[in-house]
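I opened this model to look up its strands, its helix packing, its cavities and its charged pairs. My notes follow in the order I checked them.

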Amino acid sequence: LIGEPVWLKQKNGHEFLALYTETEKPRGAVLVGHGRGWNPDFELYGTLRVKLAEAGYTTLSIQLPVLGPGAKVGDYIPTYADGAERYELAAKFLREKGYRSVAIVSHSLGATMANHYLIKADETTVKAWVFVGIINGLEEMFRIKIPVLDVFGSKDWEITQVGAYERKRQI
């Protein structure tokens with residue numbers, strides 16, 4: 001395993017895993033948020049956090065809420081606030097490590113949770129956001145005042161493709 005496991009504690013006392021990979025002479029820091037049902041080191045996210053570190057970016061890949069097998073996207077709506085708190089705690093962790101500008105790279109449901117965080121945060125060190133294959137159901141994306149990059153594929157979920165027009169309009 002590349003990186004160091006750290007445990008961050010939520011207001012309710014729950015601790016969640018984050019994988020911290022610090023680089024020498026970092027160019028910045030990136031929070032990595034995984035998609036529905038996965039973990040901070042699963043395939044895409046493990047590769048992403050390692051490649052970003054190799055490119056000179058310190059990474060913190062966080063465990064987002066995961067429901068049991070068979071949970072549908074809509075079942076996750078009550079966990080959005082929990083996911084937002086985890087992004088906030090992760091950003092605070094990086095701020096305490098000396099990073100003043102942080103980016104989020106998030107995928108699928110993890111991107112939806114990042115959206116929830118970014119529209120509610122009064123103040124954050126997050127200065128850019130890349131969302132990949134975001135699941136629609138976005139709220140008030142027009143409130144996000146940082147640079148964003150919306151990445152989706154031609155064979156992505158239809159709702160992700162169709163929602164691109166609305167996301168662009170709001171941004």
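I started with S1 and S2. They run antiparallel and are joined by 6 bridges. I keep in mind that this is a predicted model.

I found an open sheet of 7 strands with mixed pairing. I wrote down its order as S1-S2-S4-S3-S5-S6-S7. Which strands are the edge strands? They are S1 (4-9) and S7 (148-151), and each pairs on one side only. From one strand to the next, the twist averages 20°.

I went on to a parallel pair. Strand S3, residues 28-33, pairs with strand S4, residues 57-62, in the parallel sense. I noted 6 bridges for this pair. Gly28 has Tyr57 as its bridge partner in S4. I also noted a general point: side chains in a regular strand alternate between the two faces of the sheet.

What packs on the sheet? I found helix H2 there, residues 80-96. H2 touches S1, S2 (15-21), S3, S4, S5 (102-107) and S6 (126-132). The direction of H2 makes about 150° with that of S4.

I stayed on H2 for the charges. Glu96 and Lys92 both lie in this helix, 4 residues apart, about one turn. They form a salt bridge, with the closest N and O atoms 3.9 Å apart. The cut-off is 4 Å, so I count the pair as a salt bridge. The structure holds 8 salt bridges. Side chains of opposite charge can pair when their charged atoms come close.

Last, I searched for cavities. How many of 30 Å³ or more are there in the whole structure? The search finds 1. I noted a volume of about 30 Å³ for the largest cavity. Its lining is His34, Gly35, Arg36, Gly37, Leu64, Pro65, Tyr76, Leu109, Gly110 and Met113. By class, I logged 5 nonpolar, 4 polar and 1 charged residues in that lining.

Notes:
Residues numbered from 1 in each chain as written. Predicted model: local features only at pLDDT ≥ 70, side-chain atom pairs only at ≥ 80, totals over all residues. Heavy atoms only, no water. Pairing = 2+ DSSP bridges. Helix = DSSP H or I, 4+ residues; strand = E, 2+ residues; numbered from the N terminus. Axes fitted to C-alpha atoms, helices over the stretch in contact; angles between N-to-C directions. Contact = heavy atoms within 4.5 Å. 1 Å grid on protein atoms, 1.4 Å probe; cavity = no way out; pocket = protein on both sides within 12 Å on 5 of 7 lines; lining within 4 Å. Points joined across faces, edges and corners; volume = space filled by probe spheres on them. Nonpolar A, V, L, I, M, F, W, Y, C, P; charged D, E, K, R; others polar. Salt bridge = Lys/Arg side-chain N within 4 Å of Asp/Glu carboxyl O.
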